[in-house]
Amino acid sequence: MPFVPISQVTLTGGPLFRAQEADRAYLRALEPDRLLAPFLREAGLEPRAASYDDWEVRGLDGHTAGHYLSACSLMVASTGDDVLRFRLEYTVAELARAQDHLGTGYVGGVPRSAELWAEVAAGITESTFRAGRWVPWYNLHKLYAGLIDAARLTGNQVAPDVVLRLATWWEELAVGIDDEHFQLMLETEIGGMNEAYVDLFDLTGDPRHLAMAARFTSTALSGPLSRRSDELTGLHANTRIPQFVGFAALAARSGDPALARAARFAWETILTRRTVAIGGNSVREHFHAIDDFTPMTEDREGPETCNSYNLIKLGRRLSADGSDPAVADALERILFNHLLSSQHPEHGGLVYFTSMRPDHYRVYSSPEHSFWCCVGTGLESHAKHGESLYRFDDDTVSVELFAPSVVRIPELGLELEQRTAFPSDGVVGLTLGLTGPRRFRLRVRVPGWSVPTPEVFLNGAPVTAELERGHLVLDREWSDGDTVSFELTMGGRAEPYPDGSDWTSLLWGPSVLAARGESLPTDVVLAGRAHAPHTAVGPLTLLASAPIVPRSAVPYRDADGRLRVDSDRGPIPLEPFAGLHDARYTVTFPVASTADEDAVARRRTALAEQDRRASSIDGRTVDRVALGEQQPEADHGFEGVASASGAVGGVRWRSTAERLSVTLVDPHLLGRVVRVTWLHDPAGHGFTLEIDGTPVAPREGGRDDDLEWAEYPLTPTSAGWGVRRFALVADLDRETPRCTELRVLTAEGA
Ligand SMILES: [Zn+2]
């Protein structure tokens with residue numbers, strides 16, 4: 001039973017509607033001519049306005065325009081917004097103009113596009129998609145997807161032509177690329193190119209598009225997953241999840257059982273072993289070890305919003321033909337927690353990382369200055385809240401998610417209105433508007449958290465409903481004005497981390513609960529200026545200062561109806577995390593195995609020890625680059641010659657036989673030490689550190705288990721913003737050790 005198209009669903013109130021409206025205002029604040037500037041530049045035309053800043057001029061030039069096309073298309077389909085429709089048509093027309101001018105079929109904002117694709121045509125090598133280039137296929141994928149969305153959601157007449165010419169350009173170029181080199185290309189982040197080509201097949205029926213979707217499918221990734229082997233630890237999460245969406249899409253068309261198994265297993269293993277309560281996953285954009293969620297608790301850079309956006313796409317693909325109760329519960333969890341929480345309810349600013357560290361905070365984007373990946377996916381996310389609410393086939397209408405809305409099913413002459421204050425409470429009322437009496441089945445999803453099964457009322461009187469695969473079913477002849485009502489029971493529960501460690505999240509019905517901390521001023525939480533970071537770089541609160549919750553504790557409502565949980569410091573007030581903004585928050589609480597005082601004291605001592613271990617370095621860190629991790633390297637201007645990267649036990653590394661370099665930034669000129677860390681190398685190691693081109697001798701070194709480190713003195717420069725270039729230079733005839741990170745640190749005790 002497929003989802004009802006978004007164009008037949010209208011949100012009428014509640015948090016999803018408010019998110020949609022904030023997103024609509026944000027989209028309207030973006031100027032198409034600025035988004036289009038990279039495309040015109042690459043086509044040899046004069047841009048009509050200056051590019052935006054941030055990621056739009058740092059190698060991902062043009063990626064936002066693709067997201068913008070998708071978001072405007074979704075918004076037009078769901079709200080009929082005429083301003084955005086006009087801008088969408090204008091944007092597509094300008095892209096067509098750029099494509100015509102170039103004359104090859106190509107259109108894209110990727111910097112030095114002509115040079116890149118000439119290099120690809122000449123033969124892909126290890127460095128083609130690396131040397132100073134930031135994921136061109138990821139960037140182009142947004143354009144493919146945006147044009148496809150414009151075609152299928154708004155009926156735009158120009159978009160299909162533009163995207164098909166682009167697709168043909170690539171198909172012709174790719175004829176000369178053998179499978180081995182094609183797979184080499186897939187090792188960099190390519191977004192959901194496999195999914196895009198399946199969507200093109202759906203648009204055209206042309207089997208060549210299905211063949212290209214298969215070429216864009218990474219066998220290194222699909223192989224282990226199809227054997228139900230989770231080898232994701234250490235991998236960049238948002239490079240992989242869109243691939244999984246493509247696995248599911250392609251499997252549904254080609255019938256490939258191995259690919260279908262890979263997509264399903266990826267979903268299961270991420271959701272059950274790698275996901276925290278809000279529905280998000282990964283730390284610093286990478287999957288960490290399944291059996292150790294310590295990074296999740298400690299790091300500023302918790303779940304990335306893009307991952308959850310893409311997981312929703314995967315869940316929808318996996319349940320495209322019918323509702324799977326577990327998938328529906330997961331979609332609800334991600335949507336009503338991670339995604340809703342990642343958008344500011346007033347200015348619509350979007351969040352990149354949602355730290356799970358107790359008492360940390362998030363940073364929100366601004367339309368003028370922030371062009372992160374999570375801005376792009378966020379613009380789409382909040383434009384499509386109507387897409388998973390209802391399903392329909394010949395004789396069944398199914399209510400899948402709860403939100404005030406109207407769904408129109410012309411085949412039944414039905415207009416169904418849903419009224420609810422969900423997720424504030426679980427009372428839901430449905431009113432059926434019918435052109436005449438009609439027999440069909442009305443199904444209502446019963447979420448996994450709603451126990452016992454709710455009683456259903458038809459026109460105010462109790463009625464028996466069959467329970468079928470997580471849904472209550474009423475099969476009868478309906479009349480205009482019939483009403484159905486029920487109440488989903490909400491209660492409190494605790495949910496430990498998947499690794500079974502002594503940390504827990506607290507939920508009430510569908511909502512993850514948070515303890516509110518200190519309110520933060522706008523200049524701290526809003527990236528409202530050029531180059532403002534997307535990470536919440538402010539001070540960390542010690543873990544040992546978090547309230548400790550007894551293992552048996554669950555949230556409850558006190559006599560005044562307020563949500564609370566007991567802790568060693570007495571009851572703590574809680575509130576739904578999705579509505580908590582501009583403040584520090586705690587969504588993960590340390591637990592003590594029993595409520596006796598000794599256990600609590602031991603737990604606090606352990607937390608203090610954890611703080612001591614982490615703060616000795618982390619507390620002093622001004623900037624840090626994790627080597628071998630794609631996003632941190634891109635953020636730090638990584639360049640490498642004869643360089644390799646990999647992972648050992650979830651730790652990413654990078655080495656070079658010649659030279660690699662990165663930029664670290666010390667905006668307040670506080671750095672006094674540079675620390676280089678590498679995996680212990682029994683064969684010894686050789687490298688020289690250069691700072692701004694000058695070799696520097698180490699001051700100190702040491703070894704902690706498998707990691708070795710050396711510290712170098714750093715003299716402050718007189719230049720503001722302290723932008724420093726660090727290079728690791730290999731000794732003659734000898735590769736450097738496998739380096740894991742570079743950090744700029746303050747002086748000890750500073
Ligand atoms: Zn992102």
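# Pockets, cavities and strands

User: How many nonpolar, polar and charged residues are in the lining of the second largest pocket?
Analyst: The lining of the second largest pocket has 19 nonpolar, eight polar and 15 charged residues, where Ala, Val, Leu, Ile, Met, Phe, Trp, Tyr, Cys and Pro count as nonpolar, Asp, Glu, Lys and Arg as charged, and the others, Gly among them, as polar. Please keep in mind that this is a predicted model, in which local features need pLDDT of at least 70 and side-chain atom pairs count only at pLDDT 80 or more, while totals for chains, interfaces and linings use all residues. Residues are numbered from 1 along each chain as its sequence is written, and side-chain values use heavy atoms, with hydrogens and water left out.

User: Ok, and what counts as a pocket or a cavity?
Analyst: Both are found on a 1 Å grid over the protein atoms alone: a cavity is a set of points where a 1.4 Å probe fits but cannot get out, whereas a pocket is an open set with protein on both sides within 12 Å along at least five of seven lines, and lining residues have an atom within 4 Å of a point. Grid points are joined across faces, edges and corners, and the volume is the space filled by probe spheres set on the points.

User: How much space lies in the second largest pocket?
Analyst: About 1,200 Å³ of space lies in the second largest pocket. It is lined by 42 residues, and those closest to its centre are R152, D199, R316, R317 and E387.

User: Which helix gives the largest share of that lining?
Analyst: That is α6, which supplies seven residues, the largest share of the lining of the second largest pocket. Among the helices that each supply at least two residues are α6 (136-154), α9 (193-204) and α15 (305-318); helices (H or I, at least four residues) and strands (E, at least two) are DSSP runs, numbered from the N terminus.

User: How many cavities are there, then?
Analyst: The count comes to eight cavities of 30 Å³ or more. The largest cavity has a volume of about 120 Å³, and its lining residues include Y309, S381, H385 and E387. Two or more residues of that lining come from each of α15 and α16 (325-341), and by class the lining has six nonpolar, three polar and three charged residues.

User: What about the second largest cavity, what is its volume?
Analyst: The second largest cavity has a volume of about 50 Å³, and among the residues that line it are W55, W134, Y138, H236 and C373.

User: Back to H385, where does it lie?
Analyst: H385 lies in the loop between α17 and β2 (390-393).

User: Is H385 buried or exposed?
Analyst: H385 is buried, with a relative accessible area of 4%; buried means under 20% relative accessible area, exposed over 50%, and partly exposed in between, with a 1.4 Å probe and protein chains only. The side chain of H385 also reaches the backbone oxygen of S381 at 3.5 Å.

User: New topic: how many disulfides does the structure hold?
Analyst: The structure holds zero disulfides, a disulfide being a pair of cysteine sulfur atoms within 2.5 Å.

User: Now the strands, what does β5 pair with?
Analyst: Strand β5 (residues 414-420) pairs in the antiparallel sense with strand β4 (residues 405-409) over five bridges and with strand β6 (residues 427-434), also antiparallel, over seven bridges; two strands pair if DSSP finds at least two bridges between them.

User: Which residues of β5 are on the covered face?
Analyst: The covered face of β5 has L414, L416, Q418 and T420, while E415, E417 and R419 make up the uncovered one.

User: Which residue takes a positive phi in the hairpin of β4 and β5?
Analyst: It is G413, with a phi near 60°, in a hairpin that has four residues between the strands. In the hairpin of β10 and β11, which has two residues between the strands, R469 takes a positive phi near 45°.

User: What else does β11 pair with?
Analyst: Strand β11 (residues 471-478) pairs with strand β7 (residues 438-445) in the antiparallel sense over eight bridges, and R441 stands opposite D475 in β11.

Key:
A polar contact is a pair of N or O atoms within 3.5 Å; within protein, one must be able to donate a hydrogen and the other to accept it, and residues adjacent in sequence count only if both atoms are side-chain atoms.
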